[in-house]
Amino acid sequence: MTIKKIDIEKHDVAKTVLNIQLASYKIEAEIIGYDGIPPLHDTIKSLQHCGESFYGFYLDDELCGAISFKMKKNIMDIHRLVVHPDQFRKGIASKLLTYIYDLDNIEGIVVSTATLNTPAIKFYEKHGFHKEKEEKINEQLSLSFFRKEKK
């Protein structure tokens, strides 16, 4: 098992991340009953130009999950946390989250997820995040916003 920074601008890397992302967010879409979530409409090119920092979780040189974020001052804004469905319930998301939490110069982390995505909400709450607000995006989608301060 290895977690390392990955270069999303490389075509093959972006393609692999996109395949995991699509498989992962397809499950979320089924959970919330809405397939209009933006990550399902990403392309290799949109990932390559998203401006996010990516870290990947590898098992035997195979990418199994990834997390991405942007920094706003010293607050980390997580944009995606994806694990291939074949690797669900193996602690990969927790390991990725813990890894980035330990990076330097971070005062806190913010993240959002679909309000109906109960597994994700439980995951973030289990990791010490607290809900700040909820926002209705459209008739089918509401997002819940979470924050965790670094101690």
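Author: A pocket here is an open set of grid points with protein on both sides within 12 Å along at least five of seven lines. The model is predicted.

Reader: What is the volume of the largest pocket?
Author: A volume is the space filled by probe spheres set on the grid points. For the largest pocket this comes to about 1100 Å³.

Reader: Which residues are the closest to the centre of the largest pocket?
Author: A residue belongs to the lining if it has an atom within 4 Å of a point. The largest pocket is lined by 37 residues. The closest to its centre are Glu28, Leu81, Asn117, Ala120 and Tyr124.

Reader: Which element gives the largest share of the lining of the largest pocket?
Author: Elements that give two or more residues to this lining are α1 (11-32), β4 (75-83), α3 (92-101), β5 (108-114) and α4 (118-126). The largest share is seven residues, and it comes from β4.

Reader: How many residues of the lining of the largest pocket are nonpolar?
Author: Eight residues of the lining are polar and eight are charged. Tyr and Ala count as nonpolar in this division. The nonpolar residues of the lining number 21.

Reader: How many aromatic pairs does a search of the whole structure find?
Author: Rings of Phe, Tyr and Trp pair if their centres lie within 6.5 Å. On that criterion, the search of the whole structure gives five.

Reader: Are the planes of Tyr55 and Tyr99 stacked, edge-to-face or tilted?
Author: The ring centres of Tyr55 and Tyr99 are 5.6 Å apart. Planes under 30 degrees apart would count as stacked and planes over 60 as edge-to-face. The planes of Tyr55 and Tyr99 are at 50°, so the pair is tilted.

Reader: How many residues apart in sequence are the parts that the pair of Tyr55 and Tyr99 ties together?
Author: Tyr55 is buried at 11% relative accessible area, whereas Tyr99 is partly exposed at 34%. Tyr55 belongs to strand β2 (residues 53-59) and Tyr99 to helix α3, so the parts tied together are 44 residues apart in sequence.

Reader: Why is the pair of Phe123 and Tyr124 edge-to-face?
Author: Phe123 is buried at 16% relative accessibility, and Tyr124 is buried at 6%. Their ring centres lie 5.1 Å apart. Planes over 60 degrees apart count as edge-to-face, and this pair is edge-to-face because its planes are at 75°.

Reader: Which residues form one aromatic cluster with Phe123 and Tyr124?
Author: Phe123 and Tyr124 belong to one aromatic cluster.

Reader: The charged end of which residue sits over the ring of Tyr101?
Author: Over the ring of Phe145, 5.0 Å from its centre, sits the charged end of Lys133. Over the ring of Tyr101, 5.3 Å from its centre, sits the charged end of Lys150.

Reader: How far apart in space are Ser53 and Ile67, C-alpha to C-alpha?
Author: Ser53 is in strand β2 and is partly exposed at 24% relative accessibility. Ser53 touches Lys5, Ile67, Ser68 and Phe69, not counting residues up to four places away in sequence. Ser53 and Ile67 are 14 residues apart in sequence, and their C-alpha distance is 8.2 Å.

Note on methods. Residues numbered from 1 in each chain as written. Predicted model: local features only at pLDDT ≥ 70, side-chain atom pairs only at ≥ 80, totals over all residues. Heavy atoms only, no water. 1 Å grid on protein atoms, 1.4 Å probe; cavity = no way out; pocket = protein on both sides within 12 Å on 5 of 7 lines; lining within 4 Å. Helix = DSSP H or I, 4+ residues; strand = E, 2+ residues; numbered from the N terminus. Phe/Tyr/Trp six-rings, centres within 6.5 Å; stacked < 30°, edge-to-face > 60°. Buried < 20%, exposed > 50% of the residue type's maximum accessible area, 1.4 Å probe, protein only. Lys NZ or Arg CZ within 6 Å of the ring centre and 35° of its normal. Contact = heavy atoms within 4.5 Å.
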